[in-house]
Amino acid sequence: MLKFQVHSPGKVILHGEHAVVYQKPALAAVVGLGTNLQLRCSQEASQVASFQLDALNCTLEIDLQEFNTFLDNFRNKYPGDKLDSTAKLMEEVRTEVAKQLERSGGSTPKQHTQRAFISIYYLLAGAVLTAPNQPTLTLKSGFQVHIDTELNVGAGLGSSASYGAALATAFLILAGHFDQSSYLQDDNLALISHWAFESERVNHGTPSGVDNTVCTYGGILRFVKGQGFQSLKIQKPLNILLVDSRVSRSTADIVAKVRHLAEDFPQLIESIWQACEQLVNSAVPLYESFGNAQDDSQKFEKLERLFQINNDLLKAIGVTHPKLEQIFTIAFKRGFFSKLTGAGAGGYAIVLLPENYDCNEVYWKLKEELEGAGFGVHVTTAGGVGLRVTSLDD
């Protein structure tokens, strides 16, 4: 019986958020928090795939007979389609899910739940339709998937990409694209990242591609939209404090507001994007050399200054929030440098922590004050390993 678990990390944008949408480079890093998925194939004869999603407090089900009928109809409608373009599949899945929700007769699910269901159906169909050497593959027996996450939804930690990468990995294994022993091969990681990006399209419309890439590959990546990515050759992960403002927001809405600002003041905003690009170029050699013990304290001070400059640039495009400002003030008062990460207007801030921070009394006062102000505080690293598949022992 097939059973395994997938850990897909979240991410932070270290530098370049928003600018990356406009073909400027960004630096993204995985964090120690992530999404955990467990898949078990049914032991009894079952024609149902069930998905328990803890973060949304719901369980979704797919009737496999209906699902296989959907696959047959798609193959008949688009014979020989290799899904080089996924637009047709996305359209057909949205139509099918809408029909199923209408037939169920219950109250309409919340938007997050609908998107989760569409992502599941879309990625599962994509994995089966593109199964290697199995052009007519269908799913014969049911399975159960349990997904929980340490990442708050819509908070800038790549929760939707982490979720999509975990789902994509599970479904690609289920459909025979690769197995536990071969998923780390370059072609297979690229396939996981591709389908995680497709899941992101369900959630964000026109995603940058950063989140799915870094969640899959890990480390710190320099990324330019449409031009791929380069892994930084870092010495070791950075210590960071992730601070949850507890303010939720929509990434798509914020990206749209920034786009309107860029349309109103094109030259001004372009100059900010150029400054963001120069900042990334200055940061890369610091991240790659930090940790080799040579002048580390000086490098760390330069990284702190870049954090401050980057945060001020993001404030200039209007993506801060009073709660984020409170975090910045508390950190700065204690001598720590911080910035928002992701879309902004809520979500998380990241605070740079020096080596041996836990031996520093000021750090504990910082943590205590942030928690006392009602913020969520997580000590973790930026730049660790990416997605991992492991055996599942009951």
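A residue is called buried when its relative accessible area is under 20%, exposed when it is over 50%, and partly exposed in between (1.4 Å probe, protein chains only). The structure is a predicted model, so to speak of local features a pLDDT of at least 70 is needed, while side-chain atom pairs count only at pLDDT 80 or more and totals for chains, interfaces and linings use all residues. Residues are numbered from 1 along each chain as its sequence is written, and side-chain values use heavy atoms, with hydrogens and water left out.

**The whole chain**

- Buried residues make up 53% of the 394 residues.
- Among contacts (heavy atoms within 4.5 Å) with a separation of 6 or more, 76% join residues 24 or more positions apart.

**Ile 327, inside a helix**

- You will find Ile 327 in helix H10, which covers residues 322-333.
- Leaving aside neighbours within four places in sequence, Ile 327 is in contact with Val 243, Ser 245, Ala 349, Leu 370 and Phe 375.
- Ile 350 is 23 residues away from Ile 327 along the chain, and their C-alpha atoms are separated by 9.4 Å.

**Lys 24 and its partner**

- Lys 24 sits in the loop between strand E1 (3-15) and strand E2 (26-41), and is buried at a relative accessible area of 13%.
- The side chains of Lys 24 and Glu 270 are joined by a polar contact of 3.3 Å. Such a contact is a pair of N or O atoms within 3.5 Å; within protein, one must be able to donate a hydrogen and the other to accept it, and residues adjacent in sequence count only if both atoms are side-chain atoms.
- Not counting residues up to four places away in sequence, Lys 24 also touches others, including Phe 223 and Trp 273.

**Two positive phi angles**

- His 18, in the loop between E1 and E2, has a phi near 70 degrees, and this residue is not a glycine. His 18 is buried, at 6% relative accessibility.
- Arg 246, in the loop between strand E8 (238-244) and helix H7 (251-264), has a positive phi of about 65 degrees. Arg 246 is exposed, at 56% relative accessibility.

Terms used
Helices (H or I, at least four residues) and strands (E, at least two) are DSSP runs, numbered from the N terminus.
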